[in-house]
Amino acid sequence: MDQINIYSGEEVLSRIVVADGVEALEECLEQYRNVFVVMDSNVAMKCPAAYDMSQMLNRRGAPGMLVEASEEAKCMETVMDICGWLLDNGADRDALVLAIGGGVTTDMAGFAASLYKRGVRFAYVPTTLLAQVDAAIGGKTGVNAWGYKNMLGTIRQPEFTYLCPQVLESLPMQDFQSGAAEMLKTFIIEDGGHYARAVALLQDLAADFVKACESSSTLSYNEEHWSEVLSRRLSQMTPLIAAAAKVKAGVVSRDQYETGERRKLNLGHTFAHAIESLAHRQHDEMDHGHAVALGMVYAAQLSEKLGMAEEGFAAALERDLDSCLLLVICPYGVKDMAEAMRKDKKAEEGKVHFILPRAIGDVTVHALTVDEAVALLG
Ligand SMILES: NC(=O)c1ccc[n+]([C@@H]2O[C@H](COP(=O)([O-])OP(=O)(O)OC[C@H]3O[C@@H](n4cnc5c(N)ncnc54)[C@H](O)[C@@H]3O)[C@@H](O)[C@H]2O)c1
């Protein structure tokens, strides 16, 4: 069991525990007497490792509540339901809310815990790759409101985040890919050799998956093949998940409230959010991982045009992402994306803070108007 800390100065704000298996969770919970579990209903049904955790939590007599993990259900009403359920079950100021699920569940349960009785302690067992490397680290909680994503929320650190790759066994390919794109994003921000290792593992996974599909009678996408392929390589994920969590923990320790360096974690996301909003409007299929991958390629192209990255950097990144099955053809032109980018909630005085990669492991923040960016990419 390894531990990574998030600090404020010398003080430990939050612990990230990396374990091979779910057994050590009981040890992490030893000091908490009143644990209240909020679990994603899909995870409760599909994830064998979550079943083992539930058995342990039942033995401890921890009450449990199931929630739906969708962007529609990620709203104030669900947060109120969680708070009401805590009250009905006698949760007091010494309660620990334990959220087990992906980013939707950890964001909602963390938010409810930050509000209930003016704030009780909470901890996370993230069950998606995206939540393990991103959403469950750093203390941002929240829900969607008035048609905007994550409009209401807090920054408050969990007691601990428990990372174990075994929970990913049942994760659908599309959700795995969202996390894979965020993991590569993290290593483009800070590398230490992990980017190449992550690309190699994702390429192996992609090759295994294509082979499994080709050798079966169904040539099309098959979730069962994905599950088999992923479970064979899960233990190889542990060091990469730990490395990505460590990078995010470092960034958050240096800039908890996103006044500077933490912005770098938005690499690719200005374009990705624009792509996702166009896809939503036009009822097109576009998942988050593919939007982030495209967004990182656009950011690399912009960086090249500004003379910050060497020529060929964007094309090399594109090849890497493609070989990991993370790239799709972007159905929209840069001009289509411009309007959505202008509405970026992080824009200041008409300028957007673009996060631009100069090389793998080296990114910078560069403010440009959307028109300047469009002219450079056009
Ligand atoms: N707080 C932050 O800093 C932060 C950062 C990034 C993203 N987010 C938020 O995270 C959310 C996305 O989170 P996500 O990608 O983890 O997705 P999610 O929580 O929506 O889960 C995706 C799907 O996978 C299912 N699932 C989860 N774990 C599973 C498992 N082990 N086996 C089978 N199915 C499983 C869920 O039921 C859901 O259907 C967004 O709402 C986003 O705003 C927050």
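Predicted model: local features only at pLDDT ≥ 70, side-chain atom pairs only at ≥ 80, totals over all residues.
Good morning. The secondary structure of this protein chain amounts to 14 helices and 11 strands. Its radius of gyration is 20 Å, close to the 21 Å that the globule rule gives for 378 residues, so the chain is as compact as a globular protein of that length.

Along the principal axes, the C-alpha atoms fill a box of roughly 60 × 55 × 40 Å. Of the 378 residues in the chain, 48% are buried. If we take contacts between residues at least 6 apart in sequence, 73% of them join residues at least 24 apart.

Let me turn to the domains. The chain is divided into domain 1, residues 2-170, and domain 2, which is made up of 172-225 + 256-378. Their C-alpha centres lie 27 Å apart. To the contact between them, domain 1 contributes 10 residues and domain 2 contributes 10 residues. Which helix gives the largest share of the domain 1 side? That is helix H6, residues 129-135, with 5 residues.

Finally, the ligand. There are 30 residues around the ligand, and those that come nearest are Asn42, Gly102, Gly103, Val104 and Thr128. At least two residues of this shell are supplied by each of the following: helix H2 (41-46), helix H5 (103-115), helix H6, strand E8 (148-155) and helix H7 (173-189). The shell itself divides into 10 nonpolar, 11 polar and 9 charged residues. Thank you.

Technical notes: Residues numbered from 1 in each chain as written. Domains from an automatic or database assignment. Contact = placed C-beta atoms within 7 Å. Helix = DSSP H or I, 4+ residues; strand = E, 2+ residues; numbered from the N terminus. Near = placed C-beta within 6 Å. Nonpolar A, V, L, I, M, F, W, Y, C, P; charged D, E, K, R; others polar. Rg over C-alpha atoms; globule rule 2.2 N^0.38 Å. Buried ≥ 20, exposed ≤ 12 C-beta atoms within 10 Å, placed from the backbone.
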